Amino acid sequence: MADPLATPQQTTSKKSMPVWVIFIAVVTLLGFLIFLVLGLMSSRQQSLTLGSRIDDFTITTFDGKDVSLGSLRGKTILVNFWASWCTTCIDEAPILEEAWQKIEPAGQVVFIGVDYADTQPAARVFLQKYSIDYMNGSDLGLSLSQQFHITGVPETYLISSDGTLNAIKIGPFSSIDELLTFLDQKSGN
Amino acid sequence: MIANLGFGFLFIAFLISLYAIGTAIYGLCAKSHAFLESARIATIVIFPLVTLSVLSLLGLMLTGQFEYTYVFRVISQDMPLILKITALWGGQAGSLLFWVWLLAGVTAASFLWGKQKQLKALVPWAVIITMTTLAFFLFMVLFLENPFERIWLFANGQVVSSFIQPAGSFVVIPPAGFGLNPLLRNTGMVLHPPMLYLGFVTFLVPFAYAAASLITGEVSGDWMRLTRGWTLAGWIFLSAGLVLGSRWSYDVLGWGGYWSWDPVEIAALMPWLTATAFLHSAIVEERRDLFKLWNYVLVMLTFCLVILGAFLTRSGVLSSVHAFSGSSIGPVFFILIGLIFVTSLGLLLWRWNSLTASGELHSIFSRESLFLFNNILFVCLFLICLTGVLFPILSEVFTGQQVTVGAQWYKSTTGPLFALLLLLMGIVPLSVWGASSAKRLGNELWKPAVVSLLIPTGLLLAGIRSWGAVLALWLAGLVILVLFYDFWRTVSAWRSAMHEPLLASGFRLLLGNHRRYGGLLVHLGVVLMAVGIVGIEFFQTQTQVTIQQGSSFSFHGDTLHFDGLTTPGTTDDHEITSAVLTVDAGNGKTFSLAPCVDNYTAQAQSVTVPGVWSTPAGDLYIVLVDWQSSATTSATIRVYYNPLIDWLWIGAVVLILGGLFAFWPAKSVQERGQPT
Amino acid sequence: MNLNHPFSRKIFLLVIAVSIAIEGMAILVYTVKAQTQLTPSDDQVNAVASQLYCPVCENITLDVCTTPACVQWREMIREQLAQGATPAQIKAYFVQQYGLRVLTLPPPAGFNWVLYLLPPVIFLAALLLTVRFIRAHRGNGQNTPGSSGIDGGQNG
């Protein structure tokens with residue numbers, strides 16, 4: 001049976017623990033734990049919640065025009081993130097363009113293509129190759145992709161006419177029907 | 001069926017872990033030995049149950065049951081048997097189960113073979129702590145990252161992974177699996193993760209006993225002496241794991257380096273730093289009864305960092321090539337961290353007063369003092385690493401700005417501290433315990449110090465102008481000289497006292513004090529590694545050229561001739577393109593190297609495998625970057641020359657051997673009493 | 001010069017033709033020479049690329065990254081070098097396009113000062129605490145009250 005060996009509490013030098021040490025230690029630990037929580041929360045924001053308001057953003061198109069989300073209020077907006085080096089975006093491009101041709105005349109929907117982490121020459125080649133008509137711009141500073149918390153390309157976001165997020169599509173659309181169904185989705189779906 | 005069994009065994013193990021916690025608490029309250037013993041046995045019983053669960057998963061993997069999500073993700077039929085087994089830790093769920101298995105094994109061993117008779121008062125608390133940790137991990141595997149989940153298909157095409165069949169879904173059995181990430185398909189995968197995880201989980205044992213001793217107030221330090229074997233074992237495994245990862249990176253990833261200061265790598269390095277500090281600091285507590293609080297802090301901090309590292313790697317908080325993709329275990333992991341950190345700090349603050357050591361520091365030049373500097377340096381290194389790892393997260397949380405902290409920052413901030421550690425390694429063997437002075441230390445040191453000055457002189461004369469390299473190599477030389485000088489003096493003294501031949505004295509001395517000479521062998525290993533690191537960090541040269549088939553270019557005194565491209569070993573799933581180069585080293589020696597690119601078509605990912613020619617003086621390291629085989633055959637080749645890099649690996653082997661030697665139990669009481 | 005004279009006209013035309021030919025050759029030679037001068041080598045590209053991280057891969061520098069996107073980016077660096085951009089300008093362009101993440105070290109501005117100041121602060125704090133510890137444990141067994149003794153490692 002183990003007996004605690006003879007090293008009793010040192011009564012000779014009974015230092016009282018300085019309060020400031022406890023304070024700093026506890027505050028540091030609490031701060032560290034809170035910081036971990038914040039870090040965890042920000043990394044777990046895997047996608048925006050449906051129905052949430054989309055903050056205004058401005059994108060400069062490849063034609064040099066500045067377009068802001070606010071200026072398009074009243075229309076349904078489809079934001080599609082793509083890149084010229086993304087193989088599945090190639091599959092999706094003709095579908096998006098075909099849908100755009102169908103939808104544009106009615107004037108209710110706007111397509112915005114956001115070129116993610118790409119080079120301008122390659123992007124222009126891509127747009128030309130697939131005869132993309134709708135407006136496209138580069139995601140400068142990768143700020144838009146951060147705002148939408150994208151996890152890769154392609155991803156498509158549907159913003160309703162009052163500026164809230166209606167639907168999210170991760171990955172490419174496999175058919176034009178799928179895309180048209182997506183466009184019909186309302187908030188809360 | 002097998003999957004249900006596997007899950008079932010694991011679930012029972014989880015229940016038993018809760019049972020162990022409960023009975024241990026009850027046994028403590030009711031002071032019942034029967035309950036305490038039952039708790040202890042429960043911890044041992046958990047291991048065979050988890051083993052059965054692991055074997056179930058392995059069974060599913062080896063027989064290619066692709067309806068199971070995990071099997072589908074990491075197994076494909078073309079993988080060789082050994083890789084299929086290593087795929088157990090190839091994905092998040094499986095590697096968590098593997099972690100649980102190792103944790104269960106280590107805790108079972110510690111309660112089976114540990115010195116529980118001497119530690120009897122601490123065992124119940126150690127049971128509670130280890131079983132709580134294990135319960136958390138079991139919970140995560142059972143309910144959040146379940147490797148036994150199956151793939152279910154709904155009529156609308158939606159695919160779901162779950163353990164229990166969702167209503168309205170159908171069974172789907174994919175004909176083939178996706179397969180292990182190509183980057184993981186090599187021998188490094190066999191040893192690196194197991195060694196690393198073993199290192200991590202082994203540190204739970206000293207942590208549990210340290211905490212137990214704080215709870216019970218038995219702070220005599222016995223727990224430290226008796227769990228020392230576990231700490232050293234953990235340190236050896238962790239060192240091996242880190243080195244294997246480094247070697248794997250060098251051998252296979254084709255970027256010409258061995259350590260990229262990636263956040264996940266650093267997360268594994270941090271506990272190693274505090275564990276190393278602890279192993280040193282523990283010596284001082286034994287000899288001079290100092291640093292008691294230091295040692296508690298270091299031991300508990302080591303395990304805290306193990307859990308923190310696992311959390312950062314697996315929860316998706318860190319962005320890294322190593323990190324597992326986003327997962328739901330973050331919050332639960334965070335609760336475990338909170339529990340462990342708060343308990344550690346709470347216990348330390350509670351028992352602060354009784355952790356006053358009785359010893360004194362008589363001189364700033366005494367060995368104790370040098371060990372104090374050692375502790376400080378390691379803690380500074382750890383804090384710097386922590387800053388670098390957490391800063392990107394800090395930046396994003398407080399400013400929304402995403403930033404990267406790259407290798408250069410780490411090298412600049414840790415380099416000087418590592419150099420100071422080298423200096424300490426050179427001084428400490430010649431220092432003495434107790435009262436000392438600058439004069440006395442200087443007296444011991446001046447002979448090897450003067451001889452060591454030959455090194456920087458020689459280097460400067462040879463035209464080397466990089467002051468960092470000169471300084472580092474000088475310190476490395478100093479350490480080696482001091483090691484051999486000290487050994488020589490002791491052997492000589494021994495020999496003249498014992499009237500023995502030199503060799504016999506040497507051997508007897510070595511074998512008579514495993515701890516000391518194991519430790520010094522580890523230092524020798526470290527110094528050799530330092531030499532290798534200096535070589536590659538300060539003197540690496542590289543070039544990249546595009547050449548036609550049949551032409552040559554010269555690099556570092558060698559002529560490299562591009563013979564052509566080949567496609568060895570191409571199968572349906574992957575195509576290997578290799579560039580064959582004949583190297584003429586100029587002194588008549590020629591050899592052939594074939595760097596290749598292994599393109600896995602299914603995963604659309606390729607692995608760049610370098611062609612390497614190793615000599616002790618340096619490595620010629622060739623990577624195939626790109627190629628054209630249309631009209632004319634040409635290849636883009638990047639060549640590195642990495643001077644002295646072999647010494648990094650040689651030193652690592654010496655380090656591990658030194659650790660094993662130190663670990664080897666002393667044969668007699670007399671030996672155990674040998675001074676360190 | 002009287003261009004109405006047939007002989008003069010021919011001479012005139014000949015001189016013009018030769019001038020144009022010489023100009024043309026000069027331009028051709030200059031362009032060829034300029035191109036061979038202006039196409040940066042792989043080593044020059046890699047020297048800049050190694051100071052940048054791939055914008056989309058995790059923690060891989062742009063010179064060793066093997067993805068098609070990275071190949072594009074290296075070609076972009078080559079073009080910019082050919083146009084005379086300095087490495088600093090190229091890095092600034094990448095930051096503008098892809099954010100601060102691509103730099104191997106965030107610039108010392110605003111919050112990032114923490115990263116630059118913490119290491120020396122840590123080291124100095126450690127030194128200070130060491131001195132306190134030594135003073136606290138020195139002497140003949142008498143510990144001065146109120147001395148904390150130990151380090152920064154107790155932050156859990």
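Me: How many bridges join strand E1 (residues 150-153) of chain B to E3(B)?

Reply: Let's start with the general idea: strands (E, at least two residues) and helices (H or I, at least four) are DSSP runs, numbered from the N terminus. Two strands pair if DSSP finds at least two bridges between them. Here, two bridges link E1(B) with E3(B), and these strands run antiparallel. In one spot, Leu153(B) sits opposite Phe170(B) of E3(B).

Me: Before we go on, what am I looking at?

Reply: This is a predicted model, where local features need pLDDT of at least 70 and side-chain atom pairs count only at pLDDT 80 or more, while totals for chains, interfaces and linings use all residues. Residues are numbered from 1 along each chain as its sequence is written, with chains lettered from A and ligands numbered from 1 in the order in which they are written.

Me: Back to that sheet. What is the order of its three strands?

Reply: The order is E2-E1-E3 in chain B, an open sheet with antiparallel pairing. Strand E2 (159-162) and strand E3 (170-171) of chain B are at the edges with a single partner strand each, so one side of each has no neighbour in the sheet.

Me: How do I tell whether a residue is buried or exposed?

Reply: Count neighbours: a residue is buried if 20 or more other C-beta atoms lie within 10 Å of its own, exposed if 12 or fewer, and partly exposed in between, with C-beta atoms placed from the backbone. Take Ser634(B), which belongs to strand E13 (residues 633-643) of chain B. Ser634(B) is partly exposed because 19 other C-beta atoms lie within 10 Å.

Me: Which residues is Ser634(B) in contact with, leaving aside its neighbours within four places in sequence?

Reply: A contact means that the C-beta atoms of two residues, placed from the backbone, lie within 7 Å. For Ser634(B), the partners beyond those neighbours are Thr546(B), Ile547(B), Gln548(B), Gln549(B), Trp627(B) and Gln628(B).

Me: What does helix H12 of chain B reach from its first C-alpha to its last?

Reply: For any helix, the expected span is 1.5 Å times one less than its number of residues. H12(B) (residues 292-314) has 23 residues and reaches 33 Å, close to the 33 Å expected. H12(B) is mostly covered, with 23 of its 23 residues buried. After H12(B) comes Gly316(B), with a positive phi near 90°.

Me: How many residues does each side give where chain C touches chain B?

Reply: Chain C gives 37 residues and chain B gives 46. On the chain C side, helix H2 (42-49) and helix H5 (113-137) each supply at least two residues. H5(C) gives the most, with 10 residues. By type, that side of chain C has 17 nonpolar, 14 polar and six charged residues. Here Ala, Val, Leu, Ile, Met, Phe, Trp, Tyr, Cys and Pro count as nonpolar, Asp, Glu, Lys and Arg as charged, and the others, Gly among them, as polar.
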